[in-house]
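Trainee: Could you walk me through this one? I'd like to go from the overall layout to the details.

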Amino acid sequence: MDLYQQNYRKLLQLLPDLHDMSGPTKLTASGRTDVNVKLTKRHPHRLVLRISYYLRRLHGAAIPDPDMTVEVYLLAETVGVPTYCDCF
């Protein structure tokens with residue numbers, strides 16, 4: 001199994017309803033920052049997700065950090081990350 005297939009299996013553990021996802025969802029863990037998952041595009045065999053959590057600034061609004069785009073290829077059962085951005 002290659003890295004892209006491993007990523008798919010891990011994502012499926014976090015989002016068991018991945019194939020039926022139709023809107024935004026939030027992953028929560030006690031004492032941790034929520035992770036926001038937004039479905040941005042749905043194709044018959046591919047999903048495009050935006051995954052981020054919001055970092056609270058001391059004197060301003062929360063900003064997405066890190067923020068990434070994730071492509072899920074449903075038939076191949078693979079996941080890739082074409083874009084990733086963080087404060088660094």
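Predicted model: local features only at pLDDT ≥ 70, side-chain atom pairs only at ≥ 80, totals over all residues.

Trainee: In what order do the elements of the protein chain run from the N terminus on?

Mentor: Helices (H or I, at least four residues) and strands (E, at least two) are DSSP runs, numbered from the N terminus. The protein chain has one helix and five strands. From the N terminus on, the order is α-β-β-β-β-β.

Trainee: Which residue is the bridge partner of Arg50 in β4?

Mentor: Strands count as paired if DSSP finds at least two bridges between them. β3 and β4 are antiparallel, with nine bridges. In β4, the partner of Arg50 is Thr69.

Trainee: And which residue in β3 is the bridge partner of Lys41?

Mentor: β2 and β3 also run antiparallel, joined by seven bridges. A hairpin of two residues links β2 to β3. In β3, Lys41 has as its bridge partner Val48.

Trainee: What percentage of the 88 residues in the protein chain is buried?

Mentor: Buried means under 20% relative accessible area, with a 1.4 Å probe and protein chains only. Of the 88 residues in the protein chain, the buried share is 24%.

Methods:
Residues numbered from 1 in each chain as written. Heavy atoms only, no water. Buried < 20%, exposed > 50% of the residue type's maximum accessible area, 1.4 Å probe, protein only.
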